[in-house]
Amino acid sequence: MNPVDIRIPPALLPADGRFGCGPSKVPQEAVARLASAAPALLGTSHRRLRVKDLVRRIREGMAAFFSLPGGYEVALGNGGATLFWGAAGYCLVRRRSAHAVFGEFSAKFAHEVAAMPFLEEPVTVESAYGDHPTLGHVDGVDLYALTHCETSTGVAMPVTRPPGEGIVAVDATSAAGGLPVTVGDCDAYYFSPQKCFASEGGLWVALLSPAALTRVEELRAGGRHVPAMLDLGLAVDNARKDQTYNTPSVATLFLLVEQLDRLNERGGLAASARACAAKAAHVYEWAAGSDYARPFVDDPAKRSDVVCTVDLDDSVDAGDVSAALRANGLVDTEAYRKLGRNQLRFGVFPAVDQVDVERLTASVDHVVARLRGRP
Ligand SMILES: *Cc1c(COP(=O)(O)O)cnc(C)c1O
């Protein structure tokens, strides 16, 4: 049977079919509120009160949501987590960084830093995809790079400080908002808002410790030339005035505030992490109990509660399953493209409803039965 001809019964279909790992589901209610706010907001100056108010609400809302320790600051700027890698290379790495590399995103940061002529070759500690390495102390390293959730594989790693000196930067792009964290255990917890924060891309947000802020100042004084867009000092200066260095997407700020307020109203990070864990548990239990699927990550402690990866056995083609799902409006369940596995990947970010995740797995069962020729 041609996968795209399979019809999933309406009773099984999720109310919302967006299961991608970023961009991910943006609640329609938030978009509706943006539409009604738009005439007085979109197309107005980002240096005026309405837009600065959004930045202030992001800074205050993030501080509350993450129970930010004293002295930590929320900075933000354009360009997303990818830009932050460049900014971190310029403004946080003094000479040499060490990276836990266990997927596409963690590898990209290491590559970015490796190409910077004013830095020494970074240390990389790698593990096979589906696992994560542990970073121990490395002599001469002044920044340790962790990835809270490796979105390409669905592996989550703990946020902990390697012993000794060195600041700790954590790529939390898919994790922030859905996985538990003690922000005091790191110095730069950075992310983009198109994953757990149900907004659009193009922005980075970073929670910076006093040690990270001191490092920025130290390197600023040291005379390294930093392109303005990558200058975390400029980003911090502007954030303190509730603005970004250059023009932001006001719609992105608005949608981020919407989701942040909702998550704070619903019990903050602890409640959000519990809800994501329940959705992920459903997926992993379904896969483990299935005769054709299993969780890709062997160690249950390393399985992400926001990005769920599920391997299928050779009797079922994951590409066919995703194509059939897509034809029924259930989108972006494909595995990370470069992973090259017979795999499905589901984002179960805070905006995704538990009942929709349950319907998603029921829909997959339906599709697989039809692909195997059952009525
Ligand atoms: C999505 C993602 C990125 C890239 O984010 P952009 O906003 O596209 O720059 C980086 N790291 C991780 C872990 C991600 O999930």
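Predicted model: local features only at pLDDT ≥ 70, side-chain atom pairs only at ≥ 80, totals over all residues.
Two packed helices are described by the angle between their axes and the distance between the axes. In this model, helix H8 spans residues 268-289 and helix H10 spans residues 354-371; their axes come within 9 Å of each other and cross at roughly 15°. Because angles under 35 degrees count as roughly parallel, H8 is roughly parallel to H10. The crossing of these two helices is right-handed. On the side of H8, the residues in contact are Ala-275, Ala-278, Lys-279, His-282, Val-283 and Trp-286, and they meet Gln-354, Val-357, Glu-358, Thr-361, Val-364 and Asp-365 of H10. Sorted by class, this contact consists of six nonpolar, three polar and three charged residues.

Helix H1, residues 28-41, packs on H7 at an angle of about 135°, and the two axes are 10 Å apart. With that angle, H1 is oblique to H7. H1 passes H7 in a right-handed crossing. From H1, the residues Glu-29, Ala-30, Val-31, Arg-33, Leu-34, Ala-37 and Leu-41 take part, and they meet Val-250, Ala-251, Phe-254, Leu-255, Glu-258 and Arg-262 of H7. By class, the contact of H1 with H7 comprises nine nonpolar and four charged residues, with no polar residue.

Helix H7 itself covers residues 250-265, and Thr-252 has its place there. Is Thr-252 buried or exposed? It counts as buried, since its relative accessibility is 3%. When residues up to four places away in sequence are not counted, Thr-252 touches Pro-193, Ser-199, Glu-200, Gly-201 and Leu-203.

Phe-65 provides a further example of a residue in a helix, namely helix H2. At 2% relative accessibility, Phe-65 counts as buried. Which residues does Phe-65 touch, not counting residues up to four places away in sequence? They are Gly-177, Phe-197, Leu-260, Leu-263, Asn-264, Gly-268, Leu-269 and Ser-272. The C-alpha atoms of Phe-65 and Asp-261 are separated by 9.1 Å, although these residues are 196 residues apart along the chain.

The loops deserve attention as well. Gly-178 lies in the loop between strand S7 (167-171) and strand S8 (188-191). Its relative accessible area is 0%, so Gly-178 is buried. Leaving aside residues up to four places away in sequence, Gly-178 touches Cys-196, Leu-269, Ser-272, Ala-273, Cys-276, Val-306 and Pro-350. A separation of 30 Å lies between the C-alpha atoms of Gly-178 and Leu-49, which are 129 residues apart along the chain.

Ser-67, in the loop between helix H2 (49-65) and strand S1 (73-78), has a phi near 45°, a positive value in a residue other than glycine. Ala-198, in the loop between S8 and strand S9 (203-208), has a phi near 50°, likewise positive in a residue other than glycine. As to accessibility, Ser-67 is exposed, with a relative accessible area of 59%, whereas Ala-198 counts as buried at 1%.

A cis peptide bond joins Gly-22 and Pro-23, and its omega is about 0°.

The last topic is the cysteines. How many disulfides does the structure hold? The structure holds zero disulfides. For a disulfide, two cysteine sulfur atoms must be within 2.5 Å. The cysteine sulfur closest to that of Cys-21 belongs to Cys-149 and is 7.9 Å away, so the two are too far apart for a bond. Cys-21 counts as buried, with 6% relative accessibility. Cys-308 is likewise in no disulfide; its nearest cysteine sulfur, that of Cys-21, is 8.2 Å away. Cys-308 is buried, and its relative accessible area is 0%.

Technical notes:
Residues numbered from 1 in each chain as written. Heavy atoms only, no water. Axes fitted to C-alpha atoms, helices over the stretch in contact; angles between N-to-C directions. Helix = DSSP H or I, 4+ residues; strand = E, 2+ residues; numbered from the N terminus. Parallel < 35°, antiparallel > 145°, perpendicular 65-115°, else oblique. Left-handed = near helix turned anticlockwise from the far one by under 90°. Contact = heavy atoms within 4.5 Å. Nonpolar A, V, L, I, M, F, W, Y, C, P; charged D, E, K, R; others polar. Buried < 20%, exposed > 50% of the residue type's maximum accessible area, 1.4 Å probe, protein only.
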